[in-house]
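Dear colleague,

I am handing over the structure we spoke about, and my notes on it come after it.

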Amino acid sequence: MDIQKAFDTVNYNILIKKLYFSGIRGSLLKWLISYLTERLQSVKLKSSVSEYLEIKSRVPQGSTLGSLLFSVYVNDLANLGLFGNLYSFADDTALIYNAVNEKILINNITHDLNILTNWFSTNKICPNINKSCLHCFYLHESFDLSGKLILHKNINCANLCNCSPLNVVSETKYLGIILDSGLTWGPHLKNLSLKLSKLCRIFYRLQFAFSPQHRKKIYLTLFEPLLMYGLKIWGGAAKSHLKLIETQQKRVLRYIFQSTTIVNARDKFLSLKLLPISSLYIFVCAMYIAKNVDKFPIQKIKNQFRTRTANKTNFLNKNWLKEKSRNQFSFAGPTEINSLPENIKLNILHCKALTLKKKLKDYLINSL
């Protein structure tokens, strides 16, 4: 769900009441009221300036309090008793549903949309129907005689705020990651490959102006953060999709070293102490599991004989057989970690994140 002009439509009276019920009272509440109200604005066009008018609604954008105050404003969404699981980051909100059959699924969605319509009306904010959508995820596609997905056709009756039916999409962008219906991550990696390709053109020009070490710093500042964002989610995608990213990563190495071709990419990664995308994925998975180790069950393998699996610790993963399911982090993440040496897994188990970061990176670089 996308909220239309989210920060500009926050009603002061409603926000002040919600701040009060959130426990913010006394002098702090008075200070916030003073901060929000009696603000004036005008418009200047060349030499002409309009009269000052008082701002009746909105939270100041660009301030540290802006997103926090908006979060307080929409925080009671979690108390509406919705069937769907609610996930919200500032004004980007998603509801996730699952059900044993289509009828229950449609009823649950329709029930929640009716409640949300009343909530939007009460709080005097409006959803952006054009950007809000329904997205169906599935492993097997079910088509009718006309060639349309049966589930898509039935769900299309759901409305939000008594407006036209929501768009049913097969791809959608949420928090910078493109989700496709089969969770193959192919569309996202194609889009990411285009972004990296544009950066490669910048590196092509930089190779004539900076030394390799300076180009490495620029790589770590501009290129690698794009690789790292959401890597835990899409890093287990099929090799055919990841090949696009590997190609761009090797391409940027050529510009860092000012070489026309790379005979052995491994030597270049070792020389700069950089990790290819496959090793970065293992690194990200290990760091995440180390910080959330209580969420991942383990299995101690004890054996009286001196075998390779004796006294070994393994992280248990989901018992999924479908290839699409095995590409997801809950299966691929623990599987990758189980291939690491025992001393690194012990660091993960004991949440030694600072020690783990250096040891793991050194191990992955030496294993190239």
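This is a predicted model: local features need pLDDT of at least 70, side-chain atom pairs count only at pLDDT 80 or more; totals for chains, interfaces and linings use all residues.

Residues are numbered from 1 along each chain as its sequence is written, and side-chain values use heavy atoms, with hydrogens and water left out.

The protein chain has 15 helices and twelve strands (DSSP runs, H or I of at least four residues for helices and E of at least two for strands, numbered from the N terminus). Of its 368 residues, 39% are buried (under 20% relative accessible area, with exposed meaning over 50% and partly exposed in between, for a 1.4 Å probe and protein chains only).

In helix H2 (residues 26-36), the buried residues are Leu 29, Leu 32 and Leu 36; they lie on the same side of H2, because they cover an arc of only 60 degrees around the axis (taken from the directions from the helix axis to the C-beta atoms). These buried residues pack against helix H1 (12-21) and helix H3 (64-74) (contact being heavy atoms within 4.5 Å), whereas the face turned away from the buried side carries the exposed Ser 27, Lys 30 and Ser 34.

The axes of helix H6 (residues 186-206) and helix H7 (residues 212-228) come within 10 Å and cross at roughly 170 degrees (lines fitted to C-alpha atoms over the stretch in contact, with angles from 0 to 180 degrees between N-to-C directions).

Best regards
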